[in-house]
Each structure stands twice: as C-alpha cells, then as structure tokens.
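User: I would like to learn how to read strands, helices and contacts in a protein model. Can we go through one together, step by step?

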2 protein chains.
Amino acid sequence: MINDLPKGFKAGAAAASFRKPGRDDLGLIVSERNCVLAGMFTKNLFKAAPVQICQEILTQYGMARAVLANAGQANACTGEEGLANCRETQRMAAELTGLQPHEILPLSTGVIGPQLKMDLWRSALPALAASLGSRDAEGFTRAFMTTDAFPKFAMHEVGLAGGTVRLTVMAKGAGMICPNMATMLCVALTDAEVERTAWQDMFARGVEKTFNRVSVDGDTSTNDTILGLANGASGVKAAGHADLALLEEALTHILGNVAYMLVKDGEGARKVIHITVTGAATEADARTVARSVGHSQLVKTAIYGGDANWGRIITAVGYSGVQVDPAGVSLKLCGIERFRQGQPVNDHMEDELTEALKADNVPVEICLGDGMGSYTFQASDLGHEYVSLNADYRS
Amino acid sequence: MINDLPKGFKAGAAAASFRKPGRDDLGLIVSERNCVLAGMFTKNLFKAAPVQICQEILTQYGMARAVLANAGQANACTGEEGLANCRETQRMAAELTGLQPHEILPLSTGVIGPQLKMDLWRSALPALAASLGSRDAEGFTRAFMTTDAFPKFAMHEVGLAGGTVRLTVMAKGAGMICPNMATMLCVALTDAEVERTAWQDMFARGVEKTFNRVSVDGDTSTNDTILGLANGASGVKAAGHADLALLEEALTHILGNVAYMLVKDGEGARKVIHITVTGAATEADARTVARSVGHSQLVKTAIYGGDANWGRIITAVGYSGVQVDPAGVSLKLCGIERFRQGQPVNDHMEDELTEALKADNVPVEICLGDGMGSYTFQASDLGHEYVSLNADYRS
C-alpha cells in the first residue's frame, strides 16, 4: 500500500486553526519503539526555534520517538519567547502521549516572525493525541502543508538479506525552497534496524544528491529540516555492506521522488527545469553554473512562457563566476543543440523546439568543455501564480 | 535645457525595423572633435560582439568620435559572424560620416543569439547619417529602448574654474539588469576637456557608486556597456583638484539619477527597494547582505504586494553567506523597527507599516551589529508585469 507508514509508526492530525479554520494544521507521528535519529538542517543563520531544538536532540540524544509538526507559524525570528513556546509544546505533547519532551521532534512552517498561538495549541493537542493511528502518510503530510498544491510523500519496500523493510518520506513545499544541506520540512521513516552512524551517513549522502539539488526560488528558509527515524520494528537488520547499499539506494530514490515533487509544485510552477552541467573543471564549478542557471529569473520566466530564448541560459553561465572559455561552451535545450563551442547553431529547428518546450519537464544540457566535473539540478519555472501566491502570502 | 546634449555633439536616429516597424531603433551620436574615452564593460564571460569591439577601441586608441546604438538585436552569442557583422556596421557608418571605423563605438541590445539583419542595416544607415542633428538626448535614448517604459537620461551643468561644462547621461534598461562593473547600455557625454586617466578614474568610481548598486532581476547581461565621451568643446579644462572633484561629483550625481530610473522601470516594477546595510564587519560583507536581500524573489514579491512580511528580509540576511551573530541583527522597514538584536518587535505598528508600504520607494535598513562596514543597494520589486514581459519576450 503506497500510502502506508512503516511498521511501528502511528500518525494523527488535528485542526488547530493556526492559519485557516477547518483544515488539519497539526500532525503527530509516534513510534512504538525508540528510533535511531538522523537529521540535516538549514544553513540559514536565523534558525527557527524548532530547528534549534531538533539539533539539540540529535546532538544530545541521537534518538527520538515522535515528530510534532505544525503549519501556519514558522516560529522563526521569535527569539527567547519562541524557544520557550516550542519547549512548552513538547512538554504538553509529552504529557498527553506518555513520552519525554526530548523524545518529541518539533517541526514548524508558516509565517516568520509571529509567536506561536499557545492557546490554540493547548486546545488542539488533546484531539491530536487522541487521533493517533487515524492518519496515513498522506494524512500526516496534509497537516503541515502551507501553499502546497498537493501532498508530497512516497513509499518504498526494500528486500534485505533478513527480510523486507519499508521506507516512507513525507515533505512539504512549496516556497522559500533552495535547500542548502536540507530542505523545508521532511520526515523519513523506516522500520529497518540500522546503526546510527550508518543511518546518518546514508541520509547525508541521499540529501546531497536530492534535496540539495532542487530550487523553487533560491530562498533558503529559516526552517529547513529533514529528519530520519529508524525504529527497527520490522525486526530486519540492515548491517552488512550489501544491505546498507540497498537501503541507501532505496532511501535516495524516494528522497529524489519527493524532492522532484517540491519543484513540481513550486508555488504555481508549471514546469520543472532539469539542468545538467558536464565538462566542468570540477564538480564545484558544475554546481555553481547549474545553480546560476536554475536561479535566473529570466531563464525561469522564459521556460514558463515556452519561449526558446536560449541566450538567457548562456548569459547565466557567463555570470556564474566560474571561469570558462566561451569558445568551449555548448548547449542543448530539450535535446536540440542551440550553441556549439561558442557559436550559435543556425538551423530550422525553432518550431520543433517550441513544441518540445510545451512539455512539463524541460531538459537543459550545458557542456563547458573544460574537464570532467558534472552536476544536475532541478528548478521550477517562474510565473504569475508564484507572484500571486507570494505578493500577499500572509493574508 | 534639460533635454540637451553638451556642446559639439550631434545625435540622429532612424527606424530600421529590427524589432518592430515604425519606431526608431538605430541611433547615432557624433562629436565634432575627437573625444577622450572612458568605458566599463560587463563581467559576463560571453561578451557581445559590440562589447568586444568597444573594449578594443578603448585599449588600442582611448579616443573615439561616435556612438552607434541599436535595439532589437544584442549581437551576443553570435560567434565570428557576429564580430564580422559588427565591424561591417562600423565600416558602413564610417563611410557615411567621413570617420574612421575605429572611431565609432557600437552598442547593441535586444535578443541574444540571432545574427544582425545586415540588409536592414544597409537600408537604414543612410537615413541615420542624414538625421544627424535632428535628435536631442531623449531622441537618441528612445532609439535604443527595448522593454523600457520611459527613456532614461539626465543632464547637469557644472561650474568649473574656467567656465561651465555640461554632462548628459543616456541609458536603457529595463531587464537583465544586475550590473557588475557596468550596466546595460549607457552613454555619458561631456564637453569638458579632461585628461584620459582622470576621466576613466572618476568614471569607474562613479559607476561603482551608482550602476553597480542596482538590480532588477539579478541577471548580468552579455552587453553591459557604459561609455564616457569627453570632447572638450566647451573650451573649459577640468584639470585642478577642485575642478576634477566638481566634475566627478556632478557625474556621479547624474549617473545615480539614471541608475535609479533603471530600477524604477524594472520591467513592470512598481516600487524601488532602497536597501541600506550598516554595522557589517567589512564593506564587502555589507554588499553581500544587501545584494542577497535585493535579489530575493520572496522579498521582491512581498514588497510588490505591499505585504509587511519582514521575516523574508531576515531570511535573506541569514542565507547570504556572511557570518553574523543573529543576536546582533536589527531591521527597520519603512523606518519602522521590526526586529531588534535578534528579537521580533511586537507592537501595534502593523497598520502604519501597511500604509507606508504603499509608497513607490521602500526603505529597508539592516544593521548587523558587527562593525563599521556599510553599503547601499537599489532593487526593483517583482510582479505580474515582469512575468508577462519576460515569459514571451521574443514575440
């Protein structure tokens, strides 16, 4: 069942009216057993209160039992009061679930600045605790959606030497997305039994290959958090080299699926731009060029409009800061070569290209002709819906 | 007369149908005397053919007599054929004006990629040469507008020891604007007599304080060029320290006026965001933070919508890459404090702030509490008009 949680995890949700009444905006996941914890967090200096507390739990305990997620309020830029409020939500949830406060990982998303509405928390938490077991992966994911057009989750089963284990990844988008060592909010669960360092390491590598390579708007949020909880409830141990490789492959695969959904739902995005840079002197150079193209407002609006204005892509390569010889640079848009070794390709492919640009996924291939470094990156286009959503987000 | 050229310069224009028929898209300025030349050019690696040729003239001759500007075609990413075409336009214009080809500075703006339509050039150049003297500063500026909503030019008179000299600056915007050591196309004329090194130096400093501190969309173009021509036709020499300081002050002042116009007309921009960063460890840090805020899509859309979502500004400070202590950071939006030393300011100023955000100019003051470095930067907001203009620019 695609919409299921791994063994030993239960989810619940409640409507606390944090943003709008009548929809779930508070979610809870509890594991029946202690979980080995992995986590990656935003590099933004202004880390939201829940980010600071998750980091504390990861460092001090490395284990957890539950995730408490809310939409509508980010609890970021809220100072000491914000931290105290976050701890109070842990305390209240612990009391209702019989856990310790430090076993509960807080996640918040929404408007930056306002303090948590503690009265609404107090009213909603008993219903939340009572709802445990009533929600599936989709139900939990919906509880921390904000501007998301659809819930983002994926599940995968992996056959290890000792039996089958399950992985579920649940995330929210859709704006302020330019993950840097993590993304907005994402929870990955597995019932595999896995040693802590191995779990954190495969997690870090998986995030680097997936969430760290997508962008909606280039804004790295104050709340980016990705948590991995492995509770071992399957009774299947992922220990040997082969098992760990299989688990990592499956984890990376579904993290990739969910990261793609973030870009796909990039606040009104119509298209996903798949940027591949090859022939760079180093991978770091390839990354810089790919991100420069993926963040260009002019590239993003042209793709939105289906306009084959490839000169804007070359322009973004040229101002990326990476030193390349223009005479070595080539470009394919939708598989059609437009620029070869620094010269424009003049042919009669314009109509085919215009047709190809109508697709939902637009490949951009850039070869720098300078070495063996390569990088891939996914970016949203930029259209009217993005402006409408963000010009008046708070109302 | 505000709309005048300095002494000894004549302007003309013609309609060559490069983009749309029936409007001037080709402009020419000729000086009756040889001009001392200053220039700054895009840092984009893919320098358009006319940029390469202007750089050549500046380096090899340091003098020029004329500027030949066109809209509709950027002659960028056009390879060897593009360079040859550009030289041919110089040659044809030289023949018609009695100048040498290397005395004519080419400037192009428009779509990147296509080759110049040489047949249209051949047809239009005689009319262009014949029109010399028929246009004023506005008339020349209109000849190289693309998506500009209004022509951008300014004039200033300066009283030096030996008499009065005139300065005129003419520029085009409005998209692909994030000048880096220069801006899109800009021509500054003066009839002062000034020594070459002094002219280039005051030019470079003036551009650094003005054009290099504005952004519409963060995209540094392939064609950015700013030229300064001083023909000495006033008979007034700017030589002593006091005269040079006066001339530099006047030049910087009108470059600043025109740079502001670029942001103001930022492809559908409604508002100009004036970002001031103080208290940085260094000026470079202040610059990085100011640019991070000015390039944030989320900040720009919020200002467009008049939404006092100040958390987005703090977020952009936090991901700028500059290491600051969050507990030292303060923010004023429209003069109203929203964040003080890392804590949110909770008061009842929300209504006043919403009212203040309706103004055309929105001040954002950020203090990092970390030193004496400061920087100012102007950025456009981001709205529906930008998307509409850029989603289908070529049609």
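**Reading sheets, helices and a core**

Analyst: Start with one pair of residues in a predicted model. Val277(A) stands opposite Tyr375(A), which belongs to β17(A).

User: Which strands of chain A pair over 7 bridges, and in which sense?

Analyst: Strands of a sheet pair through backbone hydrogen bonds, and the sense is either parallel or antiparallel. Here β12 (residues 272-280) and β17 (residues 373-380) of chain A are antiparallel, with 7 bridges between them.

User: What is the strand order of the open sheet in chain A?

Analyst: The order is β9-β17-β12-β16-β13-β14-β15 in chain A, an open sheet of 7 strands with mixed pairing. At its edges are β9 (214-215) and β15 (343-344) of chain A; each has a single partner strand, so one side of each lacks a neighbour in the sheet.

User: What is the order of the 7 strands in the open sheet of chain B?

Analyst: In chain B the order reads β8-β15-β10-β14-β11-β12-β13, and the pairing is mixed. The edge strands are β8 (214-215) and β13 (343-344) of chain B, each with a single partner strand, so one side of each is left without a neighbour in the sheet. Within this sheet, β10 (residues 272-280) and β15 (residues 373-380) of chain B run antiparallel and are joined by 7 bridges. As one residue pair, His274(B) has Gln378(B) in β15(B) as its bridge partner.

User: Which helix packs on that sheet, and which strands does the helix touch?

Analyst: Helix α7(B) does, touching β8, β10, β14 (361-367) and β15 of chain B. The direction of α7(B) makes about 20 degrees with that of β15(B).

User: At what angle do α7 and α9 of chain B pack?

Analyst: Helix α7 (residues 283-295) and helix α9 (residues 311-318) of chain B pack at about 135 degrees, their axes 8 Å apart. That angle makes α7(B) oblique to α9(B). The crossing is right-handed. Val289(B), Ser292(B) and Val293(B) in α7(B) meet Ile313(B), Ala316(B) and Val317(B) in α9(B).

User: How many residues does each chain bring to the contact between chains A and B?

Analyst: Chain A brings 52 residues and chain B brings 52 residues. On the side of chain A that touches chain B, α9(A) gives the most, with 6 residues.

User: Which residues touch the most other members of the largest nonpolar core?

Analyst: They are Val169(A), Val258(A), Val169(B) and Val258(B), in a core of 258 residues. Among the residues that Val169(B) touches are Phe153(B), Cys186(B), Ile254(B) and Val258(B).

Terms used
Residues are numbered from 1 along each chain as its sequence is written. Chains are lettered from A and ligands numbered from 1 in the order in which they are written. This is a predicted model: local features need pLDDT of at least 70, side-chain atom pairs count only at pLDDT 80 or more; totals for chains, interfaces and linings use all residues. A nonpolar core is a set of buried Ala, Val, Leu, Ile, Met, Phe, Trp, Tyr and Cys residues joined through C-beta atoms within 7 Å. A residue is buried if 20 or more other C-beta atoms lie within 10 Å of its own, exposed if 12 or fewer, and partly exposed in between; C-beta atoms are placed from the backbone. Two residues are in contact if their C-beta atoms, placed from the backbone, lie within 7 Å. Two strands pair if DSSP finds at least two bridges between them. Helices (H or I, at least four residues) and strands (E, at least two) are DSSP runs, numbered from the N terminus. Axes are lines fitted to C-alpha atoms, for helices over the stretch in contact, and angles run from 0 to 180 degrees between N-to-C directions. Angles under 35 degrees count as roughly parallel, over 145 as roughly antiparallel, 65 to 115 as roughly perpendicular and the rest as oblique. A crossing is left-handed if the near helix is turned anticlockwise from the far one by less than a right angle, and right-handed if clockwise. Lists of a residue's contacts leave out its neighbours within four places in sequence.
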